[in-house]
Amino acid sequence: MSEISLREVPEIRPEVAQLSDFSDRLSPMVVKELRQSMRTKAFTMLFLFLQVILGFGLLAGVVGTGSDVGGMFSRMVFFVFGIVALILQPLRGAGAVWGEMKDGTLEIMSLTRLRSVRIVFGKWASLVSQTGLMLLATLPYLVMRYFLGGMQLFAELMMMAMVFLLSGALTAVTVGFSANRSVIVRWLAPVLLVPFGLMFLSGAIWSGFDEMVEFFSFQDDAVNVVLGALTLGALFFGYYIFEMGVSQIAPLSENHTIRKRLVTLGFMLGIGLLLGFSDEAKMGTTIVLLVLSALFAMDIVSEVPVCLPRVAEPYVKRGVLGKLFGRFFYPGWHSGFLLLSVLVFVVFVVGGLTWPKRFLSSGETGLNDELVIAITGVFHAVFVGILIARLFVKRFPNPLVIFVGVQVLGVVLTIFLGLMTGGDGLGLGAVMSWIPWMWLFLMDDGDAGGALLMSFFAVISWLGCLVLVMREFGRTGDLEKRVMSMRKEGV
Amino acid sequence: MDAVIEVRNLHRVFGKLHAVNGVSFDVGRGSVCGFIGANGAGKTTTMRMIATLDYPSAGEIRVSGYDVLGYPEKVRSLLGWMPDHFGNYANVTVLEYLDFYARAMGFRGKERQMRVQEVMEFTDLLPLAGRFSDKLSKGMTQRLGLGRALLHDPEVLIMDEPAAGLDPKARVELKHLIRLLAKEGKTVFISSHILSELGEMCDHLLFMDGGRLVHQGDAESLKDRGQEAGVSYYVVHVFGEPELLFNWVEMNPHVSLVESLKKGGKVEIDSSDPEKAAYVLSRMVSDGLKVIEFRREERNLEDAFIDMLEDVGRGGGAEIAATPPSLPS
């Protein structure tokens with residue numbers, strides 16, 4: 001055993017000097033992940049798989065004599081790279097953060113200067129870098145394919161870039177979910193990804209390849225808008241799930257919610273203002289906003305309503321306005337719920353814009369409007385889910401699982417009732433409108449009475465949540481007083 | 001005492017479980033302080049709260065004067081944490097493992113290499129530099145964990161059950177390292193449920209049971225506590241069947257059998273007065289027992305601790321008993 005003091009500094013040994021293989025500018029987490037994952041069998045096998053398949057494909061293309069040899073090779077390149085980038089690489093993210101949690105290394109990391117966002121980012125960036133390496137290894141085949149003839153180089157390169165972007169978003173989803181303690185939540189996305197990914201790839205590459213190439217030649221303005229919106233939506237979805245993962249592992253001393261909530265609010269208001277007032281885009285925009293609000297609710301439901309003095313301090317020191325701002329942005333489900341209520345208002349303004357006008361002018365309720373029923377119904381399901389998850393949080397400590405369970409149960413009950421009535425939901429809506437997702441019947445039937453009753457239940461469950469929220473804010477008030485006294489004492 | 005860790009009326013509640021119940025103590029700067037208690041006594045929970053990994057339901061913790069809730073980053077920079085169990089990374093060498101944490105702690109360039117080299121030399125890990133960290137023995141893993149905890153040269157080192165699962169050689173090595181750290185002036189706060197392990201290397205011991213601090217002092221103070229209770233222990237060997245001794249003990253109300261041995265037994269006499277022991281010996285001989293050995297035995301720490309717990313259980317009083325305030329779970 002050496003007895004060298006910690007403070008006696010000898011010359012740097014050659015084996016230690018080799019530690020300069022990665023720049024100091026790179027995030028420590030990225031360095032560690034790259035060192036670790038580039039040595040894994042999974043990466044080596046995927047890389048070799050890609051090279052072997054594409055090598056054989058190119059050989060077949062060169063010796064082939066068919067009329068569309070080049071096109072077939074293109075399809076093969078996209079199909080194989082698509083499987084790797086859109087299915088296999090995101091799947092590798094499914095255990096990324098959980099592995100650190102399970103081994104207790106996440107806690108040790110939290111004692112360093114690494115913030116939770118950098119930890120999750122490192123996991124994601126490492127996987128995306130590897131996908132990038134595979135993309136670089138695939139590009140030469142695409143260039144060589146050019147010499148087989150009949151290729152729209154720009155469009156196919158753009159398609160490749162889109163696959164890469166989508167792979168990044170999907171990887172963010174699996175990495176984000178991998179921070180959840182529930183095995184169901186962690187593996188839900190990957191399990192869905194495999195069949196849906198294969199279906200999408202098969203359809204898009206083998207049946208609709210020429211149309212895809214046409215889309216990516218960016219000739220049609222309407223298609224460009226759709227592509228742009230889809231890309232933005234996918235990126236935001238990936239970002240949001242990524243942030244959900246960050247929230248799951250962030251220590252209480254980090255206010256991990258403010259950035260995520262501000263971005264969400266900004267994104268929703270931006271989309272609402274840009275597209276919501278155009279009659280053509282109203283339906284699509286409302287659906288997107290509705291999905292995002294439901295995603296937001298799914299996220300906030302499991303946030304722990306505990307705030308440390310140092311997190312509350314920046315709000316408290318800004319007086320009444322700061323505290324008011326804190327009501328929407330303090331960490332915890334209670335402040336998230338208040339912000340969700342604002343988002344609900346935004347969705348109603350965008351989606352039900354004509355509703356107040358109609359209501360005021362002709363006395364109609366607008367509740368036979370399909371979109372209004374859908375919005376009310378989704379929020380009813382969301383509020384019931386939050387209320388049940390938070391009421392039973394002591395007994396079932398993973399509220400997200402309860403929230404998802406309530407939704408699944410609601411859907412199952414709705415389907416069951418649908419089967420019982422032979423698909424004719426008429427009359428059921430009014431009686432059963434307290435069940436989440438029963439709005440599907442109400443919308444189908446245009447049942448204004450049932451929709452009114454469902455709105456009543458939605459308001460009741462919202463009020464129930466509000467009671468729980470107010471109880472949590474009672475503690476926040478105590479915390480703010482404590483922070484103020486600490487500030488007075490100069491602690 | 002210049003306290004580097006100050007804990008005041010600490011509580012931690014998990015649902016219905018009051019894991020830590022009104023604990024208060026100080027750990028002096030530069031001392032080696034042992035934290036002892038059975039599994040589930042609340043040691044790890046207390047240590048985790050000091051290390052900013054958990055938060056108190058009530059009470060206050062300060063490290064070098066900094067409140068752990070108010071200044072967690074500052075506290076983290078002051079202490080090194082070594083948990084009882086931590087996983088290592090597959091496909092990452094010992095050198096890369098330490099390099100990762102050095103980077104994560106903000107060391108850059110040559111300084112980073114220096115820090116890694118220093119801790120590797122201190123923990124004797126240089127010969128293992130190229131070995132994958134998940135292929136190390138338990139003892140080597142503990143040294144790696146210690147090296148990681150020392151990278152930022154912390155004032156205080158918190159070690160939760162560091163000797164658990166170590167073979168005797170690795171235990172000796174660990175004790176040696178802790179002594180070296182103490183010589184360096186570091187404060188070491190170390191937990192274990194094996195008293196003998198801590199008794200000889202700690203300046204101060206804290207005993208926990210059922211979430212409460214039941215005694216604090218050094219090893220001698222614990223033994224003295226038993227003697228104050230007015231009992232003493234003797235090993236008695238007899239010629240012939242040991243049952244003769246057992247039968248004799250049953251007939252004598254001031255003596256009880258603590259443990260049966262091959263040639264006799266360990267007996268407790270309800271007085272620490274040597275004259276009483278001499279009287280017991282003379283009675284044994286006069287009653288026909290062929291006593292070939294009669295030797296007073298110093299109580300070991302385990303016995304003393306168990307006696308103390310029984311004493312506390314009978315309402316003998318904990319050192320620090322606090323009335324829990326109303327607590328959020």
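At roughly what angle do the axes of helix H5 and helix H6 of chain B cross?

The structure is a predicted model, in which local features need pLDDT of at least 70, side-chain atom pairs count only at pLDDT 80 or more, and totals for chains, interfaces and linings use all residues. Residues are numbered from 1 along each chain as its sequence is written, chains are lettered from A and ligands numbered from 1 in the order in which they are written, and side-chain values use heavy atoms, with hydrogens and water left out.

**View 1. Helices H5 and H6 of chain B.** The axes of H5 (residues 138-150) and H6 (residues 168-183) come within 10 Å and cross at roughly 15 degrees; axes are lines fitted to C-alpha atoms, for helices over the stretch in contact, and angles run from 0 to 180 degrees between N-to-C directions. H5(B) is therefore roughly parallel to H6(B) (angles under 35 degrees count as roughly parallel). The contact (heavy atoms within 4.5 Å) involves B:Gly139, B:Arg143, B:Leu146 and B:Leu150 of H5(B), together with B:Ala170, B:Glu173, B:Leu177 and B:Leu181 of H6(B). These residues divide into 5 nonpolar, 1 polar and 2 charged (Ala, Val, Leu, Ile, Met, Phe, Trp, Tyr, Cys and Pro count as nonpolar, Asp, Glu, Lys and Arg as charged, and the others, Gly among them, as polar).

**View 2. An open sheet of chain B.** The 4 strands are arranged in the order E12-E13-E11-E14, with antiparallel pairing; two strands pair if DSSP finds at least two bridges between them. Helices (H or I, at least four residues) and strands (E, at least two) are DSSP runs, numbered from the N terminus. Strands E12 (255-260) and E14 (291-296) form the edges, each pairing on one side only. Strand E11 (residues 232-238) pairs with E14(B) over 5 bridges, and B:Val236 has B:Phe294 of E14(B) as its bridge partner.

**View 3. Helices lying across the sheet.** Helix H9 (residues 243-251) of chain B lies across E11, E12 and E13 (264-269), running at about 145 degrees to E12(B). Helix H10 (residues 274-286) of chain B lies across E11, E12, E13 and E14, at about 165 degrees to E14(B).

View 4. B:Ala51 is buried, with a relative accessible area of 0% (buried means under 20%, with a 1.4 Å probe and protein chains only). Not counting residues up to four places away in sequence, B:Ala51 touches A:Leu111, B:Leu79, B:Trp81 and B:Ile158. The C-alpha atoms of B:Ala51 and B:Trp81 are separated by 6.8 Å.

Technical notes. Parallel < 35°, antiparallel > 145°, perpendicular 65-115°, else oblique. Buried < 20%, exposed > 50% of the residue type's maximum accessible area, 1.4 Å probe, protein only.
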